[in-house]
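I opened the notebook to go through one chain. My entries follow in the order in which I looked things up.

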Amino acid sequence: HPAPLSSLKVLKRPEPAGTRPWFLGLCSCSDQMFRKTSQEKPNYFAGSQRTPAHSAADGVQRDWEQRDFTQAIQLGVTQLTAFLNEFDGSTRGRLAQLNSKLQRIERRMTLIEATLRSVDQEG
């Protein structure tokens, strides 16, 4: 028997309209990746010269943040796909049962109609 619909795991609902998109809360890097220029991190090295090592470290940090974000999105898509596949299987099972019941009812109706026709012809 397919699992009851109530036992399926569902992803969290998106936040209400007017707030940030729901997928931005999936990872810690999302705030940093989509931050507006006016909200960027303060530059603690403003008075000193930035060396290529600092730039490389910043690039590596951004790369890891993007990978983290991508991984979180992939996880969300994987969970959504799993839910949809389970839902599809459950729905197909229920529809098959309903189809079987309808066919049984149609056969009974055909038998009842044939019986009534034979009674009408005799009477």
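Which residues make a nonpolar surface patch of about 660 Å²? I found that Leu95, Leu98, Leu102, Ile105, Met109, Ile112 and Leu116 make this patch. I noted the rule for patches: the residues have over 30% relative accessible area and no salt bridge, with like charges joined within 9 Å and nonpolar side chains (Val, Leu, Ile, Met, Phe, Trp, Tyr) within 5 Å.

Before going on, I wrote down that this is a predicted model, in which local features need pLDDT of at least 70 and side-chain atom pairs count only at pLDDT 80 or more, while totals for chains, interfaces and linings use all residues. Residues are numbered from 1 along each chain as its sequence is written, and side-chain values use heavy atoms, with hydrogens and water left out.

**Patch and fold**

Ile105 counts as partly exposed because its relative accessibility is 46%, where buried means under 20% relative accessible area, exposed over 50% and partly exposed in between (1.4 Å probe, protein chains only). The chain has 2 helices and 0 strands, these being DSSP runs numbered from the N terminus (helices H or I, at least four residues; strands E, at least two).

**Whole chain**

I recorded that buried residues make up 8% of the 123 residues. The accessible surface comes to about 10,700 Å², and 57% of it belongs to carbon and sulfur atoms; such areas come from the Shrake-Rupley method with a 1.4 Å probe, and for residues only the protein chains shown count as cover. For contacts (heavy atoms within 4.5 Å), I took those between residues at least 6 apart in sequence, and 76% of them join residues at least 24 apart.

**Salt bridges**

How many salt bridges does the count come to? The count comes to 2, on the rule that a side-chain nitrogen of Lys or Arg lies within 4 Å of a carboxyl oxygen of Asp or Glu.

I found Asp63 and Arg67 joined in a salt bridge at 2.9 Å, N to O; they are 4 residues apart in helix α2, so about one helical turn separates them. Asp63 is partly exposed at 30% relative accessibility, and Arg67 is partly exposed too, at 49%. The charged end of Arg67 also sits over the ring of Trp64, 5.4 Å from its centre, the rule being NZ of Lys or CZ of Arg within 6 Å of the ring centre and within 35 degrees of the ring normal.

I then turned to Arg92 and Asp88, whose closest N and O atoms are 2.9 Å apart in a salt bridge, and which lie 4 residues apart in helix α2, about one turn. Arg92 is exposed, with a relative accessible area of 57%, whereas Asp88 is partly exposed, with 34%.

**Aromatic pair**

I counted 1 aromatic pair. Phe83 and Phe87 form this pair, which is stacked at 6.1 Å centre to centre with 25 degrees between the planes; rings of Phe, Tyr and Trp (its six-membered ring) pair if their centres lie within 6.5 Å, and planes under 30 degrees apart count as stacked, over 60 as edge-to-face and the rest as tilted. Phe83 and Phe87 both lie in helix α2, 4 residues apart.
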